[in-house]
Amino acid sequence: MREFGIGQSLPRTEDYRLITGKGRYTDDIMVDGCARMFVLRATHGFSRIDGINIDEAQLSPGVLCILTGADVVADGLGHFGSLVTRSGPDGKPNFIPPYPMLAHQFARFAGEGVAIVVARTLDEAKSAAELIEIDYTPLECVTTIERAEAPDAPLVWEECPGNLCVLTEVGDEAATDAAFAAAAHVARVDFVISRVHAAPIEPRNAIGEWDPATGRYTLHAGVQSPHMTRDELANRVFHIDESQMRVVAPDVGGGFGLKGQPQPEMALVLWAAKKLCRPVRWTAERSESFLSDCHARDDLVHSELALDAAGRFLGLRVRSRVNLGAYLSLAGIHCAVGNIGSLSGVYVLPAIHAEIRCLFSNTSPTGAYRGAGRPEASMMIERVIDVAANELGIDPADLRRRNLIQPGKMPYNTGFIFTYDSGDFPAGQAKAEGISRWSEFEDRRKEALSRNCLRGIGMAHVIEIAGGLLDEMAEISVDPSGAVSLKIGTHSQGQGHETTLRQLLAEFLHLEPAMIRFEHGDTDQVASGFGAAGSRVAMVAGYLLENVSAGIIARGKEIAAVLLDAPIADIEFRDGSFAVHNSNRIATFAEVARLAHRPMALPAGFSGGWSNRQIVRTPAPTFPNACHICEVEIDMDTGLTTVVGYWVSEDVGLAINPMIVKGQVHGGVVQGLGQVLGEFIHYDEEGQLLTASFMDYQMPRASEMPYIHTISNDVPARTNPMGIKGAGEGGTVGALSAGANAICDALKPLGIVNFDMPATPLRVWHAINAAPLRQEFMAKQRSSGLTTPASEIA
Amino acid sequence: MYPFDYHRCNDVDEASTLLESLEDAKFLAGGQSLLPMMKLRFAQTGNILDLRDIPDLRGITIADDDVTIGALTRHADVGVSAELRAVLPALADLAGGIGDPQVRAQGTIGGSVANNDPSADYPAACLALDATIITSQREISADDFFTGVFETTLEAAELITAVQFRIPNQACYIKFRHPASRFALVGVFVARFGTTVRVAVTGAGSQGVFRWIEAETALTAAFTPQSVAGLAPDIRVMNSDIHADAEYRAHLTGVLLRRGVSGAISRVA
Amino acid sequence: MIALNLTVNGETVSETIAPNTLLVAFLRDKLRLTGTHVGCDTTQCGACTVHVEGRAIKSCTTLALSCEGLEVRTIEGLAQGAELHPMQTAFRTHHGLQCGYCTPGMIMTAVDMVRRLGCNLERDTIREELEGNICRCTGYHNIVEAIRAGAAEMAP
């Protein structure tokens with residue numbers, strides 16, 4: 001291992017400013033003369049806006065301007081778009097509703113912006129907003145999938161009958177039907193994947209500026225992809241050339257996918273800034289975040305697994321319905337359908353067919369959140385495997401082991417969407433079983449019963465496509481002193497890129513991290529890029545930086561050959577310097593740098609400077625994978641579920657910084673467990689959001705979350721030279737399934753076949769109360785001399 | 001927050017007189033109940049009267065049969081008081097479990113009791129420990145003090161100066177935290193004075209904190225968990241929302257009652 | 001507008017402010033000490049935690065005027081010049097932060113935890129004592145390790 005290079009658990013470079021309070025988040029940036037924007041939001045689930053009266057509000061102290069949806073239309077601001085299109089129910093491309101910056105004529109979810117007030121202070125803006133009179137006619141609304149698809153459901157969009165936006169199929173229906181026809185056993189399960197919210201601790205924010213001298217807009221905002229944000233705003237909303245807009249993302253306090261989607265407030269501050277010729281800023285308050293951010297997930301799943309007599313998987317059939325919300329966020333459809341390849345899992349599964357329906361409802365648009373469809377797809381296979389195991393009386397670990405793709409079969413074409421290049425799933429499972437003492441679990445279950453507690457254990461294998469998205473750009477420049485500056489189009493919201501990317505450069509160019517200056521997040525500084533999404537950065541950056549570094553080394557050799565007066569073929573890059581082969585004549589990095597900037601001293605034909613810029617498309621996506629095991633204990637008296645153990649055996653191919661990888665796993669697991677245990681977004685029948693603060697939205701707390709034991713099962717990827725697979729989201733992908741399986745396993749002795757998330761104490765207790773085998777179970781407890789809650793349950 | 005004027009009071013009389021003369025004014029103790037409401041614009045006032053400088057309103061006094069806690073005593077200080085723990089550990093435990101460490105560093109008993117949040121902990125202690133709320137004007141029995149959700153018998157300009165709790169033979173407070181808000185979803189305080197037992201319940205009732213008479217009768221007859229086996233409050237008086245319906249709250253109250261009795265028995269006092 | 005005099009990170013500060021100014025807004029907007037953050041509106045997330053008279057409190061639920069004459073310490077006042085506080089170092093060593101937004105609040109809470117409970121902290125105790133701080137990135141695992149190590153380093 002090279003010092004500071006790949007594989008080292010180096011403490012992070014970015015930490016110094018973050019632990020001393022010198023981080024620079026968007027709200028920390030001071031802008032002279034900045035006004036404050038407040039967004040007035042629709043209060044009904046679905047309403048027609050018959051009139052807006054701003055006369056009194058205009059006179060309120062401090063008000064600079066008030067703008068409504070009518071003004072948006074008058075100024076010709078455009079609509080946001082969707083990353084992908086799929087087929088609608090009629091086979092044609094799906095209906096794309098206009099997604100405006102402010103509601104006009106109709107407000108389609110509670111929380112949609114209907115007007116903005118810009119004032120000197122936020123209090124003044126709020127007080128003025130209270131004076132705005134809006135004439136709403138409430139309309140009947142739908143918030144859930146079931147209500148949206150009901151035959152008599154009101155339509156969110158007239159153009160979209162049945163509220164059905166997308167109807168798409170993936171896989172081989174005929175082969176799957178045949179597999180089911182031949183099956184010795186078919187397991188079926190219906191389950192819910194709840195609607196949740198990314199809830200980064202830093203809420204969304206934006207500062208908009210417009211420079212009359214250049215006619216350029218500048219947006220400072222905590223976003224995951226500055227370039228994509230700029231392109232969406234410039235092209236779709238403002239209809240200007242991308243060069244007329246600059247987007248700067250400073251430190252970002254958590255993104256998780258949420259901040260990868262453009263949202264109206266970004267456009268609104270820019271628009272207002274131009275109108276007022278002064279900067280305008282906006283920061284969401286937490287309740288406002290719940291109302292106005294994109295939400296996530298919200299699926300109803302029907303999953304069937306066909307098995308032969310030996311317990312081998314023959315086919316998987318999935319019917320899933322997804323709630324898109326009232327509009328299409330950038331990634332909404334992608335999350336619903338784009339990651340369905342994870343249905344194959346790590347198993348030999350010859351036939352798969354999935355039908356996916358995506359529906360509109362009068363709720364906030366759903367979008368990307370840690371895993372973006374992969375946690376859901378993984379759960380579609382992992383839940384039904386457990387159901388099958390229970391029905392067949394087989395240990396769920398054993399049933400999985402029988403069906404794992406063997407390492408000797410790589411590269412393995414799943415026959416569905418993906419071809420896996422590498423991975424050792426049996427080893428991963430064995431490791432996870434080992435550290436969790438899976439084989440001794442039934443003893444632990446029995447011991448828990450003696451305390452009137454139900455213990456359960458759940459396993460999930462997860463495999464996901466990572467890094468396959470789009471191109472990325474990096475540029476390395478060496479200055480005359482030999483210091484190196486890296487510009488790259490990715491951006492970090494906590495994943496530690498400032499450290500891991502330096503480690504890559506330390507590896508390739510033998511540099512010390514302190515010698516590397518790192519520029520990212522500013523579209524004016526970095527010409528192009530895609531940003532952080534889909535666990536792509538480690539793999540993409542690894543490949544990209546190796547190529548760019550090679551370009552630097554190649555150029556360095558040219559110059560070193562002049563310095564050392566040797567043929568270029570004899571020059572090698574050794575320990576950070578350029579050396580003549582088989583001699584100890586060297587030119588240091590700094591010496592080469594100095595000469596590079598004195599073209600007068602170079603022979604004719606040499607231009608000055610030492611830099612290399614490339615945009616690369618990665619050779620192929622990668623497939624990070626892991627085996628997760630979760631153990632829970634339920635207090636039968638209160639329904640409280642505690643996670644008593646969590647183990648992950650993860651394959652990230654190659655960890656640039658193992659400590660950072662583990663941190664990503666920890667954080668991802670807790671987000672998955674948070675959803676299983678209690679996070680849920682809930683709208684009532686009138687379309688009101690009832691979970692609009694941390695008082696009602698159950699954020700995972702330190703006292704409730706387990707220690708997460710990780711063990712590495714890295715198998716280098718074969719599709720990129722570094723072997724990196726990526727790590728950002730796997731924790732969540734696994735925890736959703738492992739957690740759900742564990743809770744269902746705990747409730748199994750009561751005859752409960754499936755229990756839907758969230759496992760709040762209320763819901764678990766009711767499930768126990770209504771369980772089919774409750775009487776028999778209590779009788780058995782009593783006859784064994786164990787305590788029962790029989791006296792507790794009314 | 002809406003704007004307001006700010007005043008700092010030097011003594012109780014000044015505070016009461018000022019509130020009475022201003023009319024549109026509120027007392028500010030620890031701020032952990034009032035300020036959150038004002039930040040969300042759910043409450044407003046033209047004047048804040050900050051009580052922080054008023055002397056003699058902090059401190060814990062232990063007597064033979066009762067403890068008196070000054071109204072501005074912070075939860076954290078009640079929680080770590082060795083003197084209090086020696087005679088009434090259940091109360092110290094309760095205070096030490098309110099909210100979180102930072103909230104406990106500021107929140108006060110006077111503010112909590114005056115606010116009577118239906119999910120707050122102290123009101124349950126007041127009812128179960130037969131407390132006397134001592135104000136700038138009079139002394140009020142806890143049984144008479146709490147009249148409904150966020151409602152008490154305090155007059156407009158009346159200021160709580162201290163709360164006096166009777167020292168029981170045995171007591172215990174068990175709280176089941178609301179998984180999101182971390183307030184008491186249900187909190188049950190059980191206290192035995194000789195053979196007489198008092199039981200107070202917070203969080204569960206739709207009318208706020210209440211004494212559970214049926215439980216008190218059964219436990220007065222026999223102070224054991226078995227004597228209240230299967231007992232649960234009337235579902236009709238239980239609160240209900242998306243986090244906990246009435247049936248669950250009633251059941252949980254019974255569970256916590258039995259755990260509270262076991263907890264009390266396992267201690268000396 | 002009312003005059004406010006207090007000590008922040010060892011320096012005397014005198015300003016005039018609107019009465020409804022929260023301490024967090026005073027620190028961030030008036031004094032430009034932006035290390036203290038706002039993450040919620042229900043006094044739960046703890047990103048705003050600072051020390052007043054040596055105790056950790058939530059500056060989002062405190063009026064600036066209530067701190068008249070008192071000593072306030074923020075994350076910016078923890079290090080001694082270039083020398084980091086052992087708790088800060090521990091957070092870095094143990095990767096107790098990712099996006100860093102909750103981190104100043106976590107560190108201030110941790111330092112106060114040690115003041116109240118000593119340098120030898122059990123992991124379960126630390127988890128209980130983090131009731132007032134929410135993190136979305138780390139899953140808490142490394143925060144607990146960092147606080148345990150930082151506490152041990154704070155032993156005299």
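Hi everyone, let's start with chain A, whose secondary structure comes to 21 helices and 28 strands; these are DSSP runs, H or I of at least four residues for helices and E of at least two for strands, numbered from the N terminus. Before I go on, this is a predicted model, where local features need pLDDT of at least 70 and side-chain atom pairs count only at pLDDT 80 or more, while totals for chains, interfaces and linings use all residues. Residues are numbered from 1 along each chain as its sequence is written, chains are lettered from A and ligands numbered from 1 in the order in which they are written, and side-chain values use heavy atoms, with hydrogens and water left out.

Back to chain A. Its C-alpha trace spans about 95 × 75 × 50 Å along the principal axes. A compact globule of 794 residues would have a radius of gyration near 28 Å, and chain A agrees because its own value is 28 Å. That radius is taken over C-alpha atoms, and the globule rule is 2.2 Å times the number of residues to the power 0.38. Of those 794 residues, 65% count as buried, meaning under 20% relative accessible area with a 1.4 Å probe, protein chains only. For contacts in chain A with a separation of 6 or more, 79% come from residues 24 or more positions apart; a contact here is heavy atoms within 4.5 Å.

Now chain C. Chain C has five helices and five strands, and from the N terminus the order is β-β-α-β-β-β-α-α-α-α. Its C-alpha atoms fill a box of roughly 45 × 35 × 25 Å along the principal axes. Of the 156 residues of chain C, 66% count as buried.

So how do the chains meet? Let's take A and C. The contact takes 55 residues from chain A and 46 from chain C. The area buried between them is about 4200 Å², with 54% from carbon and sulfur atoms; that is the accessible area (1.4 Å probe) that two parts lose on being put together, summed over both. In chain A, the residues losing the most area to chain C are A:Ile19, A:Ile201 and A:Tyr707, together 19% of what that side buries.

How many salt bridges does the rule find across the interface of chain A and chain C? There are three, each counted when a side-chain nitrogen of Lys or Arg lies within 4 Å of a carboxyl oxygen of Asp or Glu. The side chains of A:Glu679 and C:Arg136 meet in a salt bridge at 2.8 Å, N to O. Helix 1 (15–19), helix 9 (286–292) and helix 18 (658–677) of chain A each supply at least two residues to the side touching chain C. Helix 18 gives the most, with eight residues.

Last, chain B against chain A. Here 23 residues of chain B are in contact with 29 residues of chain A. The two chains bury about 2200 Å² between them, 53% of it on carbon and sulfur atoms. B:Arg41, B:Ile242 and B:His251 supply 25% of the area chain B buries there, more than any other three residues.

Between chain B and chain A the count is five salt bridges. A:Asp635 and B:Arg259 meet in a salt bridge through their side chains, at 2.9 Å, N to O. Helix 11 of chain B (residues 246–265) gives the most to the side touching chain A, with seven residues. Thanks, everyone!

Conventions:
Buried means under 20% relative accessible area, exposed over 50%, partly exposed in between (1.4 Å probe, protein chains only).
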